[in-house]
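I opened my notebook to look up two places in this model. Here is what I wrote down.

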Amino acid sequence: MTSTEKTDVLIVGSGFGGAIAAYHLAAGGAKVTVLERGPWLTAGDFEHDFLLGSSYTRIFDFVVGDGMSLLGGNCVGGGSVVYFAAMPRAPRFVFDRVNATGARLWPKAVSREALDPWYDRVAEALPITQQDWNDVTYAGGLFAAACAHAGRTANPVPAAIDRAKCTNCNWMMAGCRFDAKRSLLLNYLPAALAHGAEIRPLHEVQKLTRTEDGGYRVHYNVIDDVDYRVHHESGVIDAKIVVLAAGAGATPVILQRSEADLGRMPHAVGRYFSGNGERLNTAVVDEDKARDLLGLGRGEGLAAYGANQIGKGPVVASWDALDGSRPVGSRYSLEQLYFPPGFGTILAQVPDATGPSWFGREKKELVRQWQSWLTIFTMVEDDNEGVFGPPPPTGNAVRISQQMLGRGPIGYVPTESTLRGWAESDAAVKDILERDGLARVMPWTNDVVGAYTVHPLASCRIGDDPETSALDDGHELRGHPGIFVTDGSAVPAALTVNPALTISALAERAVPGIVRAARERGVDVEYGAPGPGGETAGRRGVKPQLPGLLGQ
């Protein structure tokens, strides 16, 4: 065991929740240490292949649970390195959602109007821009044309992409080697480093204990950079404030493992998990119909579409069902998405299969047509059905392979409401893409890994009710002052859209409260730094919500 180190603020995880907190606290004068489980890769390290040991396997965490599997980032920058950079704001009705007893899922203090200035801060910092039809890829254009043909609307999505640098290589999930995707490696994290924050990759936090002075001791293992099942050493760091941002699949596990030392955790820790209601459908497009029905073409001698691999992530979405007057569970978004070969190839089912739907001879023929695929990503309102069981011996999962794959403690049984939402959204996808024989559609199978999500949420959620929320509306863990949670686990429920911007806005909103708590514990820290690139418009926007805290 190494000797005990000390820091003012210890942050677990370097994704959106961790990086934003790290920047502001370091810029305010605190000594900040960030522990990140995954490796530290930059543009030159991101590879365009699927080989074991490439960036593709090193920077992902794929955890298979009981009825639900989670796919997330495992690297410095977290989910921002592997995300598709779609950054819509959550609809207003999301914040008004109630549970079966009529109680709000979100704290009263958090509404779309209250969150908008914090959305603005993130949009300015990354920055986020609205794509237009000139930015739409072949896949996005096909989906938009199909929506129009079916009498529905579609729109380009806002994205954190530098369009001048983007090459449409479609390798966004393996990290962007051109620095066109505005990950946290390009803004909040370098700004935090410039203000003295320390980032330590390959450090996996196991649990927290208390120190004699009322602070916290963070226990970690150092992970091998090739085989994540191997631990080289362990250590501890004492901190006055701890910010957990390890992701919705890991943060509750750390807290559960800490309960024996810290005392009882809030009931909601590891409960009410949401997969953001996510579902995927694969369509096989009839090239002749794409030309004749939709009037599409890529030039002389080329298939009308046949370009699934060209482009980037989501560029077009249909938001027709994002109507607050619709019943809960019937509100969802449909988003065109490129999911690269590998995981998506395994789970894609054969439409109208006479034999097995996800393997066999017919599946081989389906895979042969992969360039004519179109994948549609659905985000509905699920019922927060997920529950975490007892923690594994170390980490958030039992590692099955040297990288990427693990078996985790999450259990998920979808309710009838969630199943209806998926069925309704599946029917909408079929109506759009099978109309007049344009394509054949089937959802991805749940038979292999259960339901699946790339946006896990709500396993340590904020709220007003101590019985159903682990955190207060300032993101502080109930009963354990000085511990804050700022990742996706703090989001109370499914958002019906990509959650990265909402997670980031909530993290920005939480920082002033973390600063207050740090001051109360003797940390000489201020709040009020500009954005990581020196931006100030967003800072002015949130000032009315922070009386007495901003020094300028």
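Buried means under 20% relative accessible area, with a 1.4 Å probe and protein chains only.

I noted that the model is predicted: local features need pLDDT of at least 70, side-chain atom pairs count only at pLDDT 80 or more, and totals for chains, interfaces and linings use all residues. Residues are numbered from 1 along each chain as its sequence is written, and side-chain values use heavy atoms, without hydrogens and water.

Strand 14 covers residues 333-337; five of the five are buried, so the strand is largely enclosed by the rest of the structure.

Next I checked its partners. Two strands pair if DSSP finds at least two bridges between them. Strand 13 (residues 316-318) pairs antiparallel with strand 14 over two bridges. There, Ser318 faces Leu334. Strand 15 (residues 373-379) also runs antiparallel to strand 14, joined by five bridges. In that pairing, Gln336 stands opposite Ile376.

Then I turned to Asn276. I found Asn276 in the loop between helix 7 (251-262) and strand 12 (278-285). Is Asn276 buried or exposed? Asn276 counts as buried because its relative accessibility is 0%.

I looked up what Asn276 touches, where contact means heavy atoms within 4.5 Å. Beyond neighbours within four places in sequence, its contacts include Met379, Asp382, His455 and Pro499.

How values were computed: Helices (H or I, at least four residues) and strands (E, at least two) are DSSP runs, numbered from the N terminus. Buried means under 20% relative accessible area, exposed over 50%, partly exposed in between (1.4 Å probe, protein chains only).
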